[in-house]
Amino acid sequence: MISLFEELGDADLSAIAANCTTRTYEKGAQIFGDKDSSTDVFFILDGVVRANTISPEGREVIYSEIGTGAIFGEFSAVDGLPRSTAVFAVTDCTVAKMTSRKFFELLRANGAVSARLVELLVAKIRAMSERVFEVSALSVRERLRRELLRLATDGRRQGKMIVIKPAPTHYEIAARIGSHREAVTREFNRLETEALLEVSRRQISILDVEKLRRPDGGG
C-alpha cells in the first residue's frame with residue numbers, strides 16, 4: 001500500500017491507478033536527474049530508490065533511501081521547480097508515475113490525501129533538519145553513532161544484538177553523514193575495538209544497541 005493513500009477505499013485507489021503509468025527500472029538506473037525539469041510524482045510499488053547529489057568535484061551526498069509504499073518527486077510536482085536531487089534505483093524497482101496536473105486534481109478533490117501529504121512532507125523536513133544539524137555541529141563519531149541507530153530500526157534483533165543486512169558500505173555511510181570513507185572506517189574500527197560492533201561483508205552487527213544509544217557511543 002502506498003503510504004499517501006492508506007486511508008482510501010478500493011474505488012478511489014482504482015481511480016488513482018487509472019491516472020498512473022507503471023514502469024520498471026533496473027538496479028542502478030537513474031529515474032530522474034538533479035535539476036531535471038520534469039514534474040511527475042512517483043509511487044514505489046516495489047524496490048528501493050536513493051535521492052542524492054554529486055558535486056562538481058565528484059563528491060556524493062546521499063539524502064535518503066526509501067522503499068516500497070513511499071512517494072518521491074512531490075517537491076517538483078507541487079512547486080513546478082527543477083528537481084532538487086537525482087533519484088536512482090538501489091534495487092530493481094517498479095514505480096507508478098502521475099503527472100503533476102493529475103496530482104493536483106487529486107489533492108483538490110480528496111482532503112484525506114492532502115492532509116496525509118502534509119504529514120509526509122513535515123516528516124521529510126524534520127529528518128532533513130536533523131541531518132543538517134548533525135553535519136553542522138557534531139563530530140564524525142557522533143554522526144556515525146546516530147546513523148547506525150537509524151539503520152538499526154530496520155535491523156533484525158537477536159537478544160541485545162541487532163543485525164543490519166544488507167548494510168551500506170563505508171563509502172555510502174560517509175555520503176549519508178557528510179564525511180569521507182577513511183574517517184568512517186576509522187570510527188568503525190574504534191567501535192569494533194570497543195566490542196560494540198562486528199562488521200563483515202555487507203553486514204553490521206550492533207552487539208549492544210542500548211550501549212550504542214548513549215551519547216558517548218559507549219566509549
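This report describes the nonpolar cores and the cysteines of a predicted model.

## The largest core

The largest nonpolar core has 20 residues. Among its members, Leu148, Ile173, Phe188, Ile204 and Ile206 touch the most other members. Several elements each supply at least two residues of this core: the helices α5 (140-152), α6 (170-177), α7 (181-193) and α8 (209-212), and the strands β10 (161-164) and β12 (203-206). Helix α5 gives the largest share, five residues.

In soluble globular proteins, nonpolar side chains tend to be buried together.

## Contacts of Leu148

Which residues does Leu148 touch, leaving out those up to four places away in sequence? They are Ile164, Phe188, Leu191, Leu197, Ile204, Ile206 and Leu212. Of these, Phe188, Ile204 and Ile206 are also named with Leu148 among the residues that touch the most other members of the core.

## A second core

A separate core holds 18 residues. Its members include Ile16, Cys20, Ala96 and Phe103.

## Cysteines and disulfides

A disulfide is a covalent bond between the sulfur atoms of two cysteines. How many disulfides does a search of the whole structure find? The search finds zero.

A disulfide would need the two sulfur atoms within 2.5 Å. Cys93 is likewise in no disulfide, its nearest cysteine sulfur being that of Cys20.

Both cysteines are buried: Cys20 has a relative accessible area of 16%, and Cys93 has one of 3%.

Methods:
Residues are numbered from 1 along each chain as its sequence is written. This is a predicted model: local features need pLDDT of at least 70, side-chain atom pairs count only at pLDDT 80 or more; totals for chains, interfaces and linings use all residues. Side-chain values use heavy atoms; hydrogens and water are left out. A nonpolar core is a set of buried Ala, Val, Leu, Ile, Met, Phe, Trp, Tyr and Cys residues joined through side-chain atoms within 4.5 Å. Buried means under 20% relative accessible area, exposed over 50%, partly exposed in between (1.4 Å probe, protein chains only). Helices (H or I, at least four residues) and strands (E, at least two) are DSSP runs, numbered from the N terminus. Contact means heavy atoms within 4.5 Å.
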